[in-house]
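Here are my notes on the pockets and the ligand site. Please read them with the structure open.

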Amino acid sequence: MTELTFPPSFSWGTATAAYQIEGARHEGGRRDSIWDTFSHTPGAVVNGDTGDVTCDHYHRMPSDVALMASLGIDTYRFSVSWARVCPDGRTPNPEGLDFYDRLVDELVGRRIRPWLTLYHWDLPQALQDRGGWTNRDTASAFADYAGAVLDRLGDRVPVWTTLNEPWCSSFLSYAAGEHAPGHTSPTEAVDAAHHLLLGHGLAVQRIRADRPDVSVGITTNHTVADPADPSNPADVDAARRIDGAFNRVFLDPLFRGEYPADVLEDMAEAGLGRAARDGDFAVISSPIDVLGVNYYNGAAVAGAVPGDESPLVFAGPGGLPRRSPYVGSERVRFVPRGLPVTAMGWEVQPEGLTRLLVRLQEEYTGPAGVRLHVTENGAAYDDVPDAAGFVDDTHTRSAYVRDHLAAVHAAIEAGAAVDGYMVWSMLDNFEWAWGLAKRFGIVRVDFDTLQRTPKASALWYAEVARSGRVTLD
Ligand code: FCB
């Protein structure tokens, strides 16, 4: 038996996102976001699920916060719904802000640190109607929205992250068609990526100017791409491409103020960089304090099958058009390695997290003096509740989190400046295109009764958070 001890200051958190848990679609002045429109589009979401009610957190927030406190969670990462706070995308709605005001008070009152994400994919539909992230104006609207939230909450929220996973809100949303708004245009995707980065930079500058005392950052999601056969040049090139299209296309602008030359070449046909104007990269690379890292799995990749001419646009599971999110590298193949998989079909590959964190430290955050924080990691499994609604996920979810915490520990030992970890997710919730079918929570939510029941993983995590120790068998 090995016991790993984390630094005393290490933070133990959980994460959620507004559209995934709040419900209350049209209450308090909220208007639709692109996820309301998308989830109500036939074929877009498994089982036709929507976020109209989901966990009903909007009405149950105080008891959800109390539950978190009872588990000893010290940091809660939540996102603000732009469509609640500025229903038309631009005009602040005091009633929408009131909800987050109460949430923050509740957290602070229970000694839980609020960690705020401004954008977890739920763009006001009113802005999508004017082009969404393909429209440069959305970046400045985002900075204004950030300012409105900051004015209300800046005195009590110590950590502000701008975007969650811009890869998803650009490539997966505008090229792959899998997420809202469900488009399949590589050109829109590269423009959206650029405007998301610009919006991030403008918001960082706004936050810094108004509240120099808070920590500012962004959360990016990453894969660790390995060549299926390291001796095959086509596979090595495939790994370079996926690393570029997933990781470096965001990390390089943020930390080096430019798109990587090879990614510009890979995405030349779609026009990566054509949306850039003079001065953009100085804004995008505005100094930050923290990089939030979301990691679920890596991938083994291989070069295209010679002569593959299958159509690039095809019908997705719900019949709607889909395309690869890997713009310019659509024919790269993802090769299963025989590792165990979660209910998402994602390989369980904890050592990838160690490699990722060490690499980020060495190549990006370390030289910039930026701290790392794992802002999401966790797993969906096909939970089986007992008659009382209790799920014993000791050998699935707890084991997944335990092994990834060991990977974080190893990264810290290797020199990565990682300050904390957040389990995705506090609650079972609306898992985007998968609807309510995929459960990531450490707390079970019965979507009929809305009853919350901590799973074995929640009780186990509470003990880890209390002791600062992880025991491996
Ligand atoms: C991430 C998202 C989060 C959740 C997890 C499973 O990509 O940020 O909202 O859906 O995946």
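1. The lining of the second largest pocket has seven nonpolar, nine polar and one charged residues. Here Ala, Val, Leu, Ile, Met, Phe, Trp, Tyr, Cys and Pro count as nonpolar, Asp, Glu, Lys and Arg as charged, and the others, Gly among them, as polar. Helix H2 (34–39) gives the largest share of this lining, three residues. Phe 38, Thr 41, Pro 181, Gly 182 and Leu 320 lie nearest the centre of the second largest pocket.

2. This is a predicted model: local features need pLDDT of at least 70, side-chain atom pairs count only at pLDDT 80 or more, and totals for chains, interfaces and linings use all residues. Residues are numbered from 1 along each chain as its sequence is written, and side-chain values use heavy atoms, with hydrogens and water left out.

3. What takes up the space of the largest pocket? The ligand does. The residues around the ligand (a heavy atom within 4 Å) include Gln 20, His 120, Trp 121 and Asn 164. By class, this shell divides into five nonpolar, three polar and three charged residues.

4. For Glu 165 the distance is 2.5 Å. For Glu 376 it is 2.9 Å. For Trp 432 it is 2.9 Å.

5. The lining of the largest pocket has 26 nonpolar, 13 polar and seven charged residues. Helix H8 gives the most, with three residues.

Methods:
Polar contact = N/O pair within 3.5 Å; in protein donor to acceptor, adjacent residues only side chain to side chain. 1 Å grid on protein atoms, 1.4 Å probe; cavity = no way out; pocket = protein on both sides within 12 Å on 5 of 7 lines; lining within 4 Å. Sits in = over half its atoms within 2 Å of the grid points. Helix = DSSP H or I, 4+ residues; strand = E, 2+ residues; numbered from the N terminus.
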